[in-house]
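Student: I would like to learn how to read a sheet, a helix face and a pair of rings in a model, with the criteria spelled out as we go.

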Amino acid sequence: MSGVITKAIHLLDLLLPQGTEKELSVTEMSRELNMPVQSVHRILASLMEHGFVAQNAKTKKYKLGLSIMKYGFLMWDSLMLRTIARPFMEELSQKTKETVYLATRENAEGVYIDSVDSPQILKISEPIGLKLPLCIGASNRVILAYLPRKTQEAIMDETDWEALPSLKPLTREYIEGEIVAIHKQGYAVTSGEATEGTTGIGAPIFSYENMVIGSLNVAGPTLRLTEAAIEKYSLLVKKYADMISNELGYRYKLK
């Protein structure tokens, strides 16, 4: 049994992303690990059953699955990102009087991992753990915008644009334009996509490896987030996201 576990670990190690998502065929894994194809098939079947690997329906190649990503994100969230971001989130909420969210990426989705509620009676309150495709909402779209181009293309290639759970119709062409705009201004702004009557402002958070690992988001009722408020809060969101990135070891100087 220990031999099988060792082989399974070797397979998972082989699929670890190196800057971008990694997919391999059974033949490639067999060759890399000098393991019989039948053994690779058998171990992959068990790993797939528990969600540790997943198969691309188009290419038939394998990549790490949601389960292992989930454990990795949980460890990162608990040890680093949430702990470091929390005081900045609280300060940002005090300055804007709006709800502040911390989001991260789980494959092709963004997920809220922490929040600080607005002190106002009329406020936005989404549950922690809420997942939506990366193209929906400011907190998710700003993460998508700063992923490697190949990863962006892979995510958008696999997106069913007609079945997106967005309150507004979204197209690939529109999202491509949004990505360009986000890079120019350094943040994303969306209204009424995930929740009716809600406006969100999201800015990216980067790791010490200079890779986007999440986003900071201010969300409030659209009637309260006027153009003037958006202009003011977008600068604050970007400032605090940069401060979190700096604490995480991001190597570029804050603007």
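This is a predicted model: local features need pLDDT of at least 70, side-chain atom pairs count only at pLDDT 80 or more; totals for chains, interfaces and linings use all residues.

Tutor: Residues are numbered from 1 along each chain as its sequence is written, and side-chain values use heavy atoms, with hydrogens and water left out.

Student: In what order do the six strands of the open sheet lie?

Tutor: Helices (H or I, at least four residues) and strands (E, at least two) are DSSP runs numbered from the N terminus, and two strands pair if DSSP finds at least two bridges between them. Here the order is S5-S4-S3-S8-S7-S6, with antiparallel pairing. Strand S5 (131-133) and strand S6 (188-191) are the edges, and because each has a single partner strand, one side of each is left without a neighbour in the sheet. From one strand to the next the twist averages 30°.

Student: How many of the eight residues of S4 are buried?

Tutor: Buried means under 20% relative accessible area, exposed over 50% and partly exposed in between, with a 1.4 Å probe and protein chains only. Seven of the eight residues of S4 are buried, so by that definition the strand is mostly covered. Asp114, found in strand S4, counts as buried at 14% relative accessibility. Its side chain makes a polar contact with that of Arg86 at 2.8 Å; such a contact is a pair of N or O atoms within 3.5 Å, where within protein one must be able to donate a hydrogen and the other to accept it, and residues adjacent in sequence count only if both atoms are side-chain atoms.

Student: Which residues of helix H6 are buried, and what do they pack against?

Tutor: An α-helix has 3.6 residues a turn, so residues three or four places apart point the same way. In helix H6 (residues 149-157), the buried residues are Thr151, Gln152, Ile155 and Met156. Seen down the axis of H6, these residues fall within an arc of 130°, so they line one face of the helix; the arc is that of the directions from the helix axis to the C-beta atoms. They pack against strand S3 (99-106), helix H5 (138-145) and helix H7 (172-185), contact meaning heavy atoms within 4.5 Å.

Student: How is a pair of aromatic rings described?

Tutor: It is described by the distance of the centres and the angle of the planes. Rings of Phe, Tyr and Trp (its six-membered ring) pair if their centres lie within 6.5 Å, and planes under 30 degrees apart count as stacked, over 60 as edge-to-face and the rest as tilted. The count by this rule is three aromatic pairs. Tyr101 and Tyr112 are stacked, because their ring centres are 4.2 Å apart and their planes at 15°; Tyr101 lies in strand S3 and Tyr112 in strand S4, eleven residues apart. Tyr101 is buried at 1% relative accessibility, and Tyr112 is buried at 13%. Tyr146 and Phe206, with centres 5.5 Å apart and planes at 90°, form an edge-to-face pair. Ring pairs link Tyr146, Phe206 and Tyr250 into a cluster.

Key:
Axes are lines fitted to C-alpha atoms, for helices over the stretch in contact, and angles run from 0 to 180 degrees between N-to-C directions.
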